Amino acid sequence: MTNDISVFNTVPQAPPDVIFSLTAGYKADTDPNKVNVGVGAFRTDDLKPYVLPVVKKADTILFNNADLDHEYLPIAGTPSYTKAAARLILGENSPAIHENRVAAVQTISGTGSIHTGATFLSQFYKKSKKCYISKPTWANHRNVFALVGFEVEEYPYWNGEKRGLDYEAMLNTMREAPEGSIFILHACAHNPTGVDPTREQWQGIAEVMSEKHHFPFFDCAYQGFASGDLDNDAWAVRYFVEQGFELFVAQSFAKNFGLYGERAGNLTIVTKSSEETKRVFSQMEKLQRSEISNPPAYGSRIVDIVLNDPALYAEWKENLKYMSNRIIEMRKALFERLTALGTPGTWNHITDQIGMFSFTGLTASQVKVLKEKYHIYMTDNGRISMAGLSTKNIDYFAKAVDDVVRNV
Ligand SMILES: Cc1ncc(COP(=O)(O)O)c(C=O)c1O
């Protein structure tokens, strides 16, 4: 006899994911002028998903490879891929690479990489159970670290009045945090604000983190996509390595390869010695085995081909420039339109910000009217994905923003 009461009867309903429900609302909207500036995926000027030409070439190479089989990949992923990914973020001449202090594990895109790193830290990092995320940040930072048992705290990041980085407040929180806390840092193109520390500010951050023995966990979801220059976008990570930090970097190839669904990621690990690296890597393999057994092959094969072929690599850089330039053009176009309309307020933060997103400063009630009156979809915090704008909808969008800024 089974009991009538379900074993799941105490499971509470979880709230829907904000970003994915925004997209669902947009899809269901039948208005011809609707605009989706919610989702963080690149779109062409025709607002279509973009398959990078270099990815198409790598795909053809894969398709024509008669030797290709569908065996399991090694537990930690394909070495040529993980090595290339680590080289990409740390740089050819990284002291850590030359001293064999780098390990790398292939992960389920950036999210999986953060998860793998966080889970490892929850087991082996003994200095602190506190982990600091920026305020605001990408929602999954809290989700992932809380899931594996960390006490998640926030450090100030965005100063609404200045429409920029709250640098001093950020440093103060770092100074006051317990020794050896974990800090999640966005390597470039901070999501959602689009505001990155300057190089000088990164140096200040590194100084305080070093004094307090904090552990830097970089999230690098936009290398090459932010400025169009892979080295420039990796500067902060490389600077921390040069300063002698041990650190993790979660890399995603979703945005910079346009491989959103393929889930190609990597966790790059820098430690103090090659001997330590070996032990850490062995535990990472053990962890990966219990979580996913082996990583998926298709997306990582494409990235592997491109990163290890000089001609394709050069072509990838051109594809990256096209994407980042389109975003930069849209920033300029929006700024020009709002300035021409005389929209109250200052708008130069739109062109100063970097990467996929802009934190407009629009309020939740303005965002609501934009959706109800203009069929424009964005998150309540006023973040817009620049890739959702195009030469076709920019006038409509700017006029709508002008209206709500004046009247709501
Ligand atoms: C800041 C940040 N980190 C990580 C990711 C990871 O994304 P994915 O798991 O698709 O690689 C994203 C994607 O939006 C992001 O914005």
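**Surface, fold and ring pairs**

Let me begin with the surface: the accessible surface of the protein chain comes to about 18900 Å², and 53% of that belongs to carbon and sulfur atoms, the areas being computed by the Shrake-Rupley method with a 1.4 Å probe, where for residues only the protein chains shown count as cover. Please keep in mind that this is a predicted model, in which local features need pLDDT of at least 70 and side-chain atom pairs count only at pLDDT 80 or more, while totals for chains, interfaces and linings use all residues. Residues are numbered from 1 along each chain as its sequence is written, and side-chain values use heavy atoms, with hydrogens and water left out.

Of the 408 residues, 52% count as buried, meaning under 20% relative accessible area with a 1.4 Å probe, protein chains only. The secondary structure comes to 16 helices and 13 strands, taken as DSSP runs (H or I of at least four residues for helices, E of at least two for strands) and numbered from the N terminus. The radius of gyration is 22 Å, close to the 22 Å that the globule rule gives for 408 residues, so the chain is as compact as a globular protein of that length; the radius is taken over C-alpha atoms, and the rule is 2.2 Å times the number of residues to the power 0.38. Along its principal axes, the C-alpha trace spans about 70 × 65 × 55 Å.

Turning to the rings, the structure holds 29 aromatic pairs, where rings of Phe, Tyr and Trp (its six-membered ring) pair if their centres lie within 6.5 Å, and planes under 30 degrees apart count as stacked, over 60 as edge-to-face and the rest as tilted. Phenylalanine 145 and phenylalanine 217 form an edge-to-face pair, 5.7 Å centre to centre with 80° between the planes. Phenylalanine 145 lies in helix α6 (residues 140–147) and phenylalanine 217 in strand β8 (residues 215–220), so this pair ties together parts 72 residues apart in sequence. Both of these phenylalanines are buried.

How are the rings of phenylalanine 257 and tryptophan 316 arranged? Their centres are 4.4 Å apart and their planes at 20°, so the pair is stacked. Phenylalanine 257 sits in the loop between β9 (247–252) and β10 (264–270), and tryptophan 316 in helix α13 (residues 310–341), 59 residues apart. Phenylalanine 257 is buried at a relative accessible area of 1%, and tryptophan 316 is buried at 0%.

Key:
Buried means under 20% relative accessible area, exposed over 50%, partly exposed in between (1.4 Å probe, protein chains only).
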